Amino acid sequence: QANVARDAAHGGGDGMRMNGLHFRRGLGVGADSRIDLALAGDWRLLRADLGIDDRCRDAGGLQFQVWGDGRLLYDSGLVKAPGVVKPELDIRGLSSLSLRTLGAQGSQPTQVCGNWANAVLIGEEGDSAELVAP
């Protein structure tokens, strides 16, 4: 998916930074992104550190949402730097997840970039998660 950077901020750079802290792992996304995953196995939890990357912190803020099997599981509300939210979501029994950003607002809403830093699925050995093409 073109608007997703792996282990880097959206638009490039050396990793992700929020509030001056460096995050080595995660997904850097733009102001209106969607990452769909097909799940198989016994996944239990989704954890992440969500926030606005330092490189675009003056552009504004956005919302993070997690959908599971077509239902809204989490909505962060408007997140602006230096705020970071850390959801821990029960994903037991789900066959699909959708990680989304939307609702960008601020001085340059199209330039807002967010991070799903340290995003991790916790489950059992043999569980799988695959990206679903848009």
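1. To get oriented: the chain has 13 strands and zero helices. Keep in mind while looking around that this is a predicted model. Read from one end of the sequence to the other, the pattern is simply β-β-β-β-β-β-β-β-β-β-β-β-β.

2. On overall form, the radius of gyration is 14 Å, close to the 14 Å that the globule rule gives for 134 residues, so the chain is as compact as a globular protein of that length. If you want a box to picture, the C-alpha atoms fill one of roughly 40 × 25 × 25 Å, taken along the principal axes.

3. How much is tucked away? Of the 134 residues, 41% are buried. The accessible surface of the chain comes to about 7000 Å², and carbon and sulfur atoms account for 47% of that surface.

4. Taking contacts between residues at least 6 apart in sequence, 75% of them join residues at least 24 apart.

5. Now have a look at the largest pocket, which holds about 520 Å³ of space. Its lining is made up of 17 residues, and those nearest the centre are Arg6, Gly26, Leu27, Leu37 and Ala119. The elements that each give two or more residues to this lining are strand 1 (4–6), strand 4 (26–29), strand 5 (33–40), strand 12 (114–122) and strand 13 (128–132).

6. What classes of residue line the largest pocket? There are 11 nonpolar residues, four charged ones and two polar ones.

7. Ala9 is worth a click. You'll find Ala9 in the loop between strand 1 and strand 2 (16–18). Is Ala9 buried or exposed? Its relative accessibility is 0%, and the cut-off for buried is under 20%, so Ala9 counts as buried.

8. Who are the neighbours of Ala9? Leaving out residues up to four places away in sequence, Ala9 touches Gly15, Met16, Gly28, Asp53, Arg55 and Asn115. As for Arg100, that residue is 91 residues from Ala9 in sequence, and the two are 16 Å apart in space, C-alpha to C-alpha.

9. Then there is Leu21, which sits in strand 3 (residues 21–23). Leu21 has a relative accessible area of 52%, and exposed means over 50%, so Leu21 is exposed. Between Leu21 and Asp54 there are 9.1 Å in space, C-alpha to C-alpha, and the pair is 33 residues apart in sequence.

Definitions and conventions
Residues are numbered from 1 along each chain as its sequence is written. This is a predicted model: local features need pLDDT of at least 70, side-chain atom pairs count only at pLDDT 80 or more; totals for chains, interfaces and linings use all residues. Side-chain values use heavy atoms; hydrogens and water are left out. On a 1 Å grid over the protein atoms alone, a cavity is a set of points where a 1.4 Å probe fits but cannot get out, and a pocket is an open set with protein on both sides within 12 Å along at least five of seven lines; lining residues have an atom within 4 Å of a point. Grid points are joined across faces, edges and corners, and a volume is the space filled by probe spheres set on the points. Helices (H or I, at least four residues) and strands (E, at least two) are DSSP runs, numbered from the N terminus. Ala, Val, Leu, Ile, Met, Phe, Trp, Tyr, Cys and Pro count as nonpolar, Asp, Glu, Lys and Arg as charged, and the others, Gly among them, as polar. The radius of gyration is taken over C-alpha atoms; the globule rule is 2.2 Å times the number of residues to the power 0.38. Buried means under 20% relative accessible area, exposed over 50%, partly exposed in between (1.4 Å probe, protein chains only). Contact means heavy atoms within 4.5 Å. Accessible areas come from the Shrake-Rupley method with a 1.4 Å probe; for residues, only the protein chains shown count as cover.
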